[in-house]
Amino acid sequence: MLSVVFNMNRIYLDNNATTVLDPRVKQSMEPFWLQEYGNPNSLHRYGTETHPEMSVALDRLYKGIGASDEDDVIINGCATEGNNTVLKGVWNDHIRHGEKSRIVSSQIEHPSVARTLDWLEAQGVEVVRLAPNDDGIITEEILADGFDENKTALVSIMWANNETGLINPVKDLAQFCRGRGVLFHTDAVQAVGKVPVDLQDLPVDFLTFSAHKFHGPKGAGGLFLRKGINLTPLLHGGEQMGGRRAGTVNVPFVVGMGLAMELAVDALEYETHEVRRRRDRLEDAIASIPDTLIFGKREHRTPNTILASFKGIEGEAFLWDLDKRGVAASTGSACSSESLEADATLQAMMSDADLTHTAVRFSLSRFTTDEEIDAAILAIHAAVDRLRSISSTY
Ligand code: C6P
């Protein structure tokens, strides 16, 4: 495994927020800034010379998720865009004119799904937000309970949760929907590069991913659409992406995302064994601290994620202390960090509201080293000791 020391003084354990660009990905993007900078839709050579690498990148993306040639993978700006495209597209095509009335989702979705559903609800859509079971998972039984296929246009359930790392049984959920003729979408942002994704084996109709979660560039994502499915685009304009997503294609980012996907799939073995081994070592050390809670069973989680709560310690104070010690972690998702409100996902999972204010997420990547885990363990123990010694509630 490529071993690169990116920043010798700091340890990055916030890989569910974003990941470092793989240096090989960075290199693959270089020619497209100053030399081959043409618009791929131009007819002159500046445009056409980008085509071979773009085509390699698209092949890598299709192969990486097991899409067939007849399916569509639309390149876009991020997973937030992909999720908005699916939810608003299905609303426009299947709900707005009265065919169906309902979208079924969950209480543990990322804000790019949750807030879009709030907006759709304000437009009159009936939104059902399923609660997870005690293990934090949306099972087929939960989906089946009270399911009405005559009303439901779409089911949208995330593959792996960004805060807990808990993996939902997407194959069962997708099969359930397919058997009833209901469209199924999964937000696979935290699954790609962490668990195998093979759409040949999975009756999913829409799937979203984001390059910067698997060591690709920020600002590039993809939306898979099963063959034969039409969806009103979010962005109207030019004929890029076969008219399904207008806007000049960002060539360096597409090339980088393609290679990042291939490298992530190649590294899946490593992720499953080595990243998991380091995560488990860190988790054991965290769990050995008295009055500490780890959310979700290890075997139900992506190999890189730990969500922990330390009794008597407020999450933000803990993060600042850790940051001073050179360790970067997070409280819940990065896009909720400006709000001091307890995160909705955690609220859905925990009965004790106080715990939601103390949860801290540690997320590793294939670039996290054993030495970094050793140093992080020392820093976490020291931070807990200091904060508990000054805490009025411990
Ligand atoms: N989660 C986190 O800290 P964008 O930002 O559009 O590339 O990805 C959005 C997104 C969608 N779905 C899931 C499951 C995600 O985890 C994210 C990004 C980051 O958890 C930033 S909020």
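## Buried residues, salt bridges and a domain interface

Asp187 counts as buried at 4% relative accessibility, where buried means under 20% relative accessible area, exposed over 50% and partly exposed in between (1.4 Å probe, protein chains only). The model is predicted, so local features need pLDDT of at least 70 and side-chain atom pairs count only at pLDDT 80 or more, while totals for chains, interfaces and linings use all residues. Residues are numbered from 1 along each chain as its sequence is written, and side-chain values use heavy atoms, with hydrogens and water left out.

Asp187 lies in strand S6 (residues 183-187); helices (H or I, at least four residues) and strands (E, at least two) are DSSP runs, numbered from the N terminus. Leaving aside residues up to four places away in sequence, the contacts of Asp187 include Asn83, His110, Trp159 and Thr208, contact meaning heavy atoms within 4.5 Å. The side chains of Asp187 and Asn83 are joined by a polar contact of 3.2 Å. A polar contact is a pair of N or O atoms within 3.5 Å; within protein, one must be able to donate a hydrogen and the other to accept it, and residues adjacent in sequence count only if both atoms are side-chain atoms. A polar atom of the Asp187 side chain also lies 3.1 Å from the backbone nitrogen of Val189.

Arg244 is placed in the loop between strand S8 (221-225) and helix H9 (251-266). Arg244 is buried, at a relative accessible area of 15%, and its side chain makes a polar contact of 3.3 Å with that of Asn230. Beyond four places in sequence, Arg244 touches several residues, among them Asp72, Ile74 and Pro233.

The structure holds 30 salt bridges, each defined as a side-chain nitrogen of Lys or Arg within 4 Å of a carboxyl oxygen of Asp or Glu. Four of the pairs are tabulated below.

| Pair | N to O separation |
|---|---|
| Asp14 and Arg361 | 3.2 Å |
| Glu30 and Lys26 | 3.4 Å |
| Arg386 and Asp321 | 2.6 Å |
| Asp135 and Lys297 | 3.0 Å |

In the salt bridge of Asp14 and Arg361, Asp14 lies in the loop between strand S1 (11-12) and helix H1 (23-29) and Arg361 in strand S12 (residues 359-363), so the pair ties together parts that are 347 residues apart in sequence. Asp14 is buried at 11% relative accessibility, and Arg361 is buried at 1%. Glu30 is partly exposed at 36%, as is Lys26 at 47%. Arg386 is partly exposed at 37%, whereas Asp321 is buried at 4%.

The domain assignment, automatic or from a database, gives domain 1 (11-21 + 268-392) and domain 2 (23-266). Their C-alpha centres lie 27 Å apart. The contact takes 31 residues from domain 1 and 37 residues from domain 2. About 2,900 Å² is buried between domain 1 and domain 2, with carbon and sulfur atoms giving 55% of it; buried area is the accessible area (1.4 Å probe) that two parts lose on being put together, summed over both. In domain 1, Leu21, Leu268 and Arg366 lose the most area to domain 2, together 27% of what that side buries.

One salt bridge is counted between domain 1 and domain 2. Across the interface, 17 residue pairs are in polar contact (both at pLDDT 80 or more).
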